[in-house]
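This briefing is intended for a reader who has the sequence and the model at hand.

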Amino acid sequence: MTPHPSTAVPRSLFVFSIFYGGMVCIAGVLGNKQVAVGPLAVEAGIFAFLLLVTVSSAVAELHGRAMANRLVQFGFVPLIFSILLLLAVLTVPAAPEMEPERLAAFELMMRATPRIWGAVIVAYGVSQTLNVTIFAAMRRGVGKFLWLRAGTASALSQIVDTLIFITIAFYGAFPVGQLIVGQMIAKVVLSIVLVPPLIYFFVAL
């Protein structure tokens, strides 16, 4: 049956939504590794998060701010379900045939405290919504400079993401000031370098 024109989902929105959900889930896994960005160290999940802010900005550009905010809101679904599924898998006994080294490596990488899971959820919601808000608001002043809107929105939202995540996850456990500053600098640099070309690529698709 051919879908009614009023209910048909644009192809770009459909593909972006699937891609967005995948990046939401993989970001936490990639975050288990720190990579060197010049003299700075940053958790590798930033690359998935930069793709998230780029996709949400592309959706805002092509389909409007309201649709981009809905994309961010629906992003909570795969995020929360992936966390619940991971917690369930961690509680199920491992098969006797599984090598102890592999089991230890899996649990070391995947197990996190409730503070970290909470930090992930809050930081995601606030930073992604802020990215869409800034990107859309800048259309009035510098609308034709797509690269500037995307890079600025990404950099500012990543600063807020870092503040929220590290504060909720680690404040009181150890001094976090230096960690916050280092992560902010690395994320701002990556936002400026990677997001402008990425936004043109996604919009062109």
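Glu43, Asp161 and Lys187 are linked in a network of salt bridges, a salt bridge being a side-chain nitrogen of Lys or Arg within 4 Å of a carboxyl oxygen of Asp or Glu. The model is predicted: local features need pLDDT of at least 70, side-chain atom pairs count only at pLDDT 80 or more, and totals for chains, interfaces and linings use all residues. Residues are numbered from 1 along each chain as its sequence is written, and side-chain values use heavy atoms, with hydrogens and water left out.

**Salt bridges**

- Under the cut-off given above, the count comes to six salt bridges.
- Helices here are DSSP runs (H or I, at least four residues), numbered from the N terminus.
- Lys187 is buried because its relative accessible area is 4%, and Asp161 is buried because its value is 5%. The classes are buried (under 20% relative accessible area), exposed (over 50%) and partly exposed (in between), with a 1.4 Å probe and protein chains only.
- The side chains of Arg102 and Glu99 also meet in a salt bridge, at 3.8 Å from N to O. Arg102 has a relative accessible area of 55% and is therefore exposed, whereas Glu99, at 37%, counts as partly exposed.
- A further salt bridge joins the side chains of Arg111 and Glu107, at 3.6 Å from N to O. Arg111 is partly exposed at 45% relative accessibility, and Glu107 is partly exposed at 29%.
- As a general point, side chains of opposite charge can pair when their charged atoms come close.

**Helix packing**

- Helix H2 (residues 45-63) packs with H9 at an angle of about 45°, their axes being 9 Å apart. H2 is therefore oblique to H9. Axes are lines fitted to C-alpha atoms, for helices over the stretch in contact, and angles run from 0 to 180 degrees between N-to-C directions.
- Angles under 35 degrees count as roughly parallel, over 145 as roughly antiparallel, 65 to 115 as roughly perpendicular, and the rest as oblique.
- Helix H6 (residues 114-137) and helix H8 (residues 146-170) pack at an angle of about 160°, with axes 8 Å apart. H6 is therefore roughly antiparallel to H8.
- The crossing of H2 and H9 is right-handed, and that of H6 and H8 is also right-handed. A crossing is right-handed if the near helix is turned clockwise from the far one by less than a right angle, and left-handed if anticlockwise.

- Val181, Ile185, Val189, Ile192 and Val193 form a nonpolar patch on the surface, with about 420 Å² of accessible area together. Patch members have over 30% relative accessible area and no salt bridge; like charges are joined within 9 Å and nonpolar side chains (Val, Leu, Ile, Met, Phe, Trp, Tyr) within 5 Å. Accessible areas come from the Shrake-Rupley method with a 1.4 Å probe; for residues, only the protein chains shown count as cover.
- Ile185 is found in helix H9 (residues 177-204) and is partly exposed, with a relative accessible area of 43%.
- Val203 is also placed in helix H9 and is partly exposed at 24% relative accessible area. Val203 and Thr54 are 149 residues apart in sequence and 9.5 Å apart in space, C-alpha to C-alpha.

Conventions
Helix = DSSP H or I, 4+ residues; strand = E, 2+ residues; numbered from the N terminus.
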